[in-house]
Amino acid sequence: MPAPPPNQSRQAHRTSRLVNIGIPYLWLGLFFLLPFVIVLQISVAEPALAQPPYTALWQWIDEGLLRIEINLRNFMLVGQDDLYLSALLNSLQVAFICTLLCLLLGYPMAYAIATAPERWRIILLMLIVLPFWTSFLIRVYAWIGILKSNGLLNDLLIWSGLIDTPLAILHTNTAIYIGVVYSYLPFMILPLYANLTRLDLSLLEAAADLGCRPMRAFLRVTLPLSMAGIVAGSMLVFIPVVGEFVIPDLLGGPGSLMIGKLLWTEFFSNKDWPLASALAILLLALLVVPFVMMQRLQQRMEGSRP
Amino acid sequence: MQRASFALLFALSAFTVVAVAEDTLHLYNWSDYVAEDTLSGFEAETGIRPRLDVYDSNEVLEAKLFAGQSGYDLVFPTARPFAARHLKAGLYLPLDKTKLTGLDRLDPAIMSQLASIDPDNAHIVPYMWGTSGLGVNRDKVQAALGEAADLDTWALIFDPDTAAKLGDCGISLLDDPTEVFSAALAYLGKDPNSLDKADLDAASALIKAVYPHVRYFHSSQYMSDLANGDLCVAMGYSGDVFQAQSRAEEAGKGVVIDYLLPREGAAVWIDVMAIPKDAPNPDAAHAFIAYMLQPGAIAAVSNAVYYANANLEATPLLDEEVREDPTIYPPAEVKARLFAPSERSDREIRELNRLWTRLKANR
């Protein structure tokens, strides 16, 4: 078979490369950049009694005269009013604690699944994935039935004689922690599991041969090697939890101020789409920074490897 | 031959799909706000297939309307301040009154009230009206406060000592700044619609003082919690509390719920029917309004949800327990204590809402 002329194949190669690179960029542009630009545009508008409820960014006044209005007051208000800052800090705190709890619970589970016999593994994984077959909303709602003052948990505790009066868990921060950890645990376990199954067990054998105790081998071999899984799982939990709305709304109380709920209020009760957009932009900026830092760290770690 | 019949079948099915789409009515109404046979009765009479989605706050409805292309043909906003604002923004289609018979059966007093926000009653038709008062678990409240305690007062919620005694068995407030502030202002003996800074500060201080005893702020959750005995006092909408009452009776666990209009005054509101200007099927929406103008149909809703309607010819058709209940159809001396919310500018609403968010977060 005669080889194709070299320059034609190079061209084909270039086209396919362009397509391969182009598709993800197109995807990102269409579903990430474009919505972001729209939100950014709304964030510099002013609220108005109209449909949609904000002013247009530009307006043709006359022939050839274009008026562009950029309103930065929304960003200034977010900075001036400590309500937004405290909601943000509270959200970050909730997300951090929940991520930590998910990691503490999820790591042993992922480790156990990864080291379980082959035929058990699939069943255990199914058990992790199974709850997804029920709607997220229903599962969070079910926690109301479990946690409320005459709910399952309190009835059980009173029946067993451990407590006399029902514990007030529903509508507190504790309920939010329970709901979030329950809902997001699979997102921690699955990346960790994927990472841990690829762990080369001969490394642990080598460590044992060289006189390393199991605990120390775990800390010095397994844990560092699973760092990528830990980072991936933590990101998958931390980032959505910061903006979480459903769980704090259903399980939280009036005192649990989170940025997701505040966004809801601005959007629905106040019909202040511009302020809601400004908040969303700031939230995004705040989340991108640790993400980039984390990636830098990972790159440096990979770079330092022999 | 066979291919031809396939093509025919295909064309026919495409046709039916279009026909079905044309004869569907998309309703967006409050939760628990129609009778069991309202939708089936409408479908039997008109052949139009109704689809009902529900919400539990005007804000959710409003957000969809302002975003546009909601896909709904008929919505049920509260007249003031919500429908008033929507009318100003031009969100509703003018009614084609040639398609609506029976508008003359509606209470002239209510129609003239609505005309103040909708000149000539051109866009909106009253659906139900009711009040915002107190849902009370009588036994639990009397156990906490004593047999002789007065129950028809906002003091159950806004007096810190009383609220402290009731906090353990549960107090809930509507998640709505206008409602809660006007109730607090009424309790303080001030104008319930006041936006005066001193008045609002006083009301905020009051709400802050009882805040530790409030279990939650929610606009529909209290229905089931009252019925289950999980709450002992809820600030709520009249019909919702009555529905909690009848659910409690059905459950038969001995929970007794009362609805009381506080002597300090309570808000009265009117929910209306309106057609969004981008409604896909305004004809079907008109048909539904016409159906709800029939005395029998609207009386069935009132009997089911315990809210008063504006149709004078429907009154004789109501169950006696609804018609004779002074908290559903209040006599003149009770009516005198009711007040209607006033209109507010967007800026005023925003400031009130921010104050509200801060209060709820206890900051």
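## Exercises on aromatic pairs and the build of chain B

At a relative accessibility of 18%, W143(A) counts as buried, where buried means under 20% relative accessible area, exposed over 50% and partly exposed in between (1.4 Å probe, protein chains only). The model is predicted, so that local features need pLDDT of at least 70 and side-chain atom pairs count only at pLDDT 80 or more, while totals for chains, interfaces and linings use all residues. Residues are numbered from 1 along each chain as its sequence is written, chains are lettered from A in the order in which they are written, and side-chain values use heavy atoms, with hydrogens and water left out.

**Exercise 1.** Find how many aromatic pairs there are over all chains, and work out which geometry W143(A) and Y182(A) form.

*Solution.* Rings of Phe, Tyr and Trp (its six-membered ring) pair if their centres lie within 6.5 Å; planes under 30 degrees apart count as stacked, over 60 as edge-to-face and the rest as tilted. By this rule the count over all chains comes to 32 aromatic pairs. For W143(A) and Y182(A), the centre-to-centre value is 5.5 Å and the planes stand at 65°, which makes the pair edge-to-face. W143(A) lies in helix α5 (residues 136–147) of chain A and Y182(A) in helix α7 (residues 173–197) of chain A, so the pair ties together parts that are 39 residues apart in sequence. Y182(A), with a relative accessible area of 31%, is partly exposed.

**Exercise 2.** Classify the pair of F76(B) and F288(B), and state which parts of the chain the pair links.

*Solution.* The ring centres of F76(B) and F288(B) are 6.5 Å apart and the planes meet at 85°, so this pair is edge-to-face. F76(B) sits in the loop between β3 (74–75) and α4 (79–88) of chain B, and F288(B) in helix α13 (residues 282–292) of chain B, so that distant parts of the chain, 212 residues apart, are linked. F76(B) is buried at a relative accessible area of 1%, and F288(B) is buried, with a relative accessible area of 1%.

**Exercise 3.** Describe the helices and strands of chain B, then its burial.

*Solution.* Chain B has 17 helices and ten strands, these being DSSP runs numbered from the N terminus (helices H or I, at least four residues; strands E, at least two). Along its principal axes, the C-alpha trace of chain B spans about 85 × 50 × 40 Å. Of the 363 residues of chain B, 57% count as buried.
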